[in-house]
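Reader: I have a chain and its model on the screen. Can you walk me through the layout, piece by piece?

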Amino acid sequence: MQKFFVNSDTCTKCGICIAVCPSYLLYKNSDNLTKFKEEKLHLCIGCGQCMAVCNTKSVFANGLTYEKDFFEFSENKDFVSLLEQRRSVRRFKPKPVSKEELEKILFTVSQAPHGDAHHNVEITVINNREKIMESLPLMSAFYDKLAKWLHNPIMRSIIKKRKGKDTLNTLMNHLLPRIEGGLYKQIDTDYDGITRGSHTLMIFHAHKDSEEHKEDAFILVTYAMLTAHSLGLGATIVGLVPAALNKEPELRKMFGIPDDHDSVISLIMGYPKYKYKRGIKRNLKKINWIT
Ligand SMILES: Cc1cc2nc3c(=O)[nH]c(=O)nc-3n(C[C@H](O)[C@H](O)[C@H](O)COP(=O)(O)O)c2cc1C
């Protein structure tokens with residue numbers, strides 16, 4: 001069995017797998033058949049989204065199988081089933097999230113645990129696609145600049161010293177091939193490779209010296225993502241936005257983020273365009289039981 005394959009006998013050509021792939025790995029060829037881009041398969045993150053949305057189980061990616069790596073949704077309406085059905089949603093209907101829903105999300109976020117006596121993390125909510133679009137050329141240019149740095153051995157050793165070997169490895173192995181594959185260059189009203197066409201972007205940032213702000217920001221973004229999902233919205237945590245914000249003063253100015261703030265993480269959000277048909281099994285690295 002091939003590692004990447006679309007069964008053209010059963011494929012209905014709906015194109016949803018093409019739309020949800022975060023790395024743009026599928027396309028329709030001149031015969032209107034859905035195919036994988038053979039030359040770009042190294043960009044597959046094995047997320048399984050193309051298979052999770054397929055009505056007819058026709059798509060096969062990264063060696064995953066429907067029997068072994070997916071599960072049917074349960075009928076339950078409890079919190080566990082809610083979590084089972086969450087996915088990182090990257091395709092949205094073209095409209096901003098309602099103020100009422102955003103306020104509900106911000107309320108549950110306010111209930112999240114925090115490391116200091118009070119919340120230190122600020123949230124900037126941009127609920128306007130035009131404003132997001134304005135920032136994208138600068139973000140895209142930042143990633144082009146980063147690619148140049150990553151090809152320079154002196155810059156690589158500075159990054160390794162300042163940010164650690166793990167960050168450098170992520171940049172080299174995960175980010176660089178995506179920048180060079182042109183993923184962050186696409187900037188259209190309805191889709192882009194960074195904010196995925198979203199009309200709603202939340203940025204979680206805090207004063208650089210405030211205690212435990214990074215940990216808190218990750219908890220807050222998780223609360224926001226799960227509340228969004230519980231309301232029928234879709235969301236994806238996006239690390240690309242804060243990385244650019246921390247390096248580009250002009251971007252911070254656009255969103256009114258103070259220069260002495262650390263942007264930790266962001267969340268894109270919207271009304272999902274597509275439904276997932278099944279869940280994707282995720283294996284934890286290792287569970288060490290001590291009983
Ligand atoms: C810290 C963090 C940063 C992430 N950054 C991005 C990002 O910049 N762009 C993106 O499309 N997805 C991003 N994701 C989403 C992951 O790709 C996604 O969670 C993963 O592929 C698993 O898919 P699932 O959430 O659908 O289970 C990020 C997730 C986390 C936790």
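**Domains, ligand and strands**

Author: The protein chain falls into domain 1 (1-87 + 276-291) and domain 2 (99-270). The model is a predicted one.

Reader: What distance separates the centres of domain 1 and domain 2?

Author: The centres are taken over C-alpha atoms. On that basis, domain 1 and domain 2 are separated by 25 Å.

Reader: How many residues does each domain bring to the contact?

Author: Domain 1 gives seven residues to the contact. On its side touching domain 2, these divide into three nonpolar, two polar and two charged. From domain 2, the number is seven residues.

Reader: Which strand gives the largest share of the shell around the ligand?

Author: The ligand is surrounded by residues including Arg87, Thr236, Ile237 and Val238. By class, the shell has six nonpolar, three polar and two charged residues. Its largest share is three residues, and they come from strand β8 (residues 234-238).

Reader: Is β8 mostly covered or mostly open, and how many of its residues are buried?

Author: β8 is mostly covered. Of its five residues, the number buried is four.

Reader: What is the bridge partner of valine 238 in β9?

Author: β8 and β9 are antiparallel partners, with five bridges. Valine 238 also belongs to the ligand's surroundings, listed there as Val238. Its bridge partner in β9 is serine 266.

Reader: Which side chains of helix α10 are buried, and how are they placed around the axis?

Author: In α10 (residues 240-247), the buried residues are Val241, Ala244 and Leu245. They span an arc of only 100° around the axis. That puts them on the same side of α10.

Reader: What covers the buried residues of α10?

Author: The cover includes two helices, α6 (129-150) and α11 (249-254). Strands take part as well. Among them are β7, β8 and β9 (261-270).

Reader: Why is β7 described as largely enclosed?

Author: Count the buried residues. β7 has eight residues, and seven of them are buried. So β7 is largely enclosed by the rest of the structure.

Reader: What is the bridge partner of glutamate 122 in β7?

Author: Strand β6 (residues 122-126) pairs with β7 through five bridges, in the antiparallel sense. Within β7, glutamate 122 has as its bridge partner histidine 205.

Reader: Which residue of β9 stands opposite leucine 201?

Author: β7 and β9 run antiparallel and are joined by eight bridges. In β9, the residue opposite leucine 201 is isoleucine 268.

Reader: Does methionine 202 count as buried or exposed?

Author: Methionine 202 sits in strand β7 (residues 200-207). It has 27 C-beta neighbours inside 10 Å. The cut-off for buried is 20 or more. So methionine 202 counts as buried.

Reader: Which residues does methionine 202 contact, leaving aside neighbours within four places in sequence, and how far away in space is isoleucine 123?

Author: The contacts of methionine 202 beyond that range are Ile123, Val125, Ala224, Ser266, Leu267 and Met269. Isoleucine 123 is 79 residues away in sequence. From C-alpha to C-alpha, the distance is 6.4 Å.

Reader: Now domain 1. Is leucine 64 buried or exposed?

Author: Leucine 64 lies in the loop between β4 (59-60) and α3 (66-69). Its contacts, sequence neighbours within four places left aside, are Gly48, Met51 and Asp69. It has 21 C-beta neighbours inside 10 Å, so leucine 64 counts as buried.

Reader: What is the phi of tyrosine 24?

Author: Tyrosine 24 is in the loop between α1 (16-20) and β2 (26-28). With 18 other C-beta atoms within 10 Å, it is partly exposed. Tyrosine 24 is not a glycine, yet its phi is positive, at about 50°.

Reader: And asparagine 32: is this residue buried or exposed?

Author: Asparagine 32 is placed in the loop between β2 and β3 (34-36). Although not a glycine, it has a positive phi of about 65°. Within 10 Å it has 9 other C-beta atoms, so asparagine 32 is exposed.

Key: Residues are numbered from 1 along each chain as its sequence is written. This is a predicted model: local features need pLDDT of at least 70, side-chain atom pairs count only at pLDDT 80 or more; totals for chains, interfaces and linings use all residues. A residue is buried if 20 or more other C-beta atoms lie within 10 Å of its own, exposed if 12 or fewer, and partly exposed in between; C-beta atoms are placed from the backbone. A residue is near a molecule or strand if its C-beta atom, placed from the backbone, lies within 6 Å of it. Ala, Val, Leu, Ile, Met, Phe, Trp, Tyr, Cys and Pro count as nonpolar, Asp, Glu, Lys and Arg as charged, and the others, Gly among them, as polar. Domain bounds come from an automatic or database domain assignment. The arc is that of the directions from the helix axis to the C-beta atoms. Two strands pair if DSSP finds at least two bridges between them.
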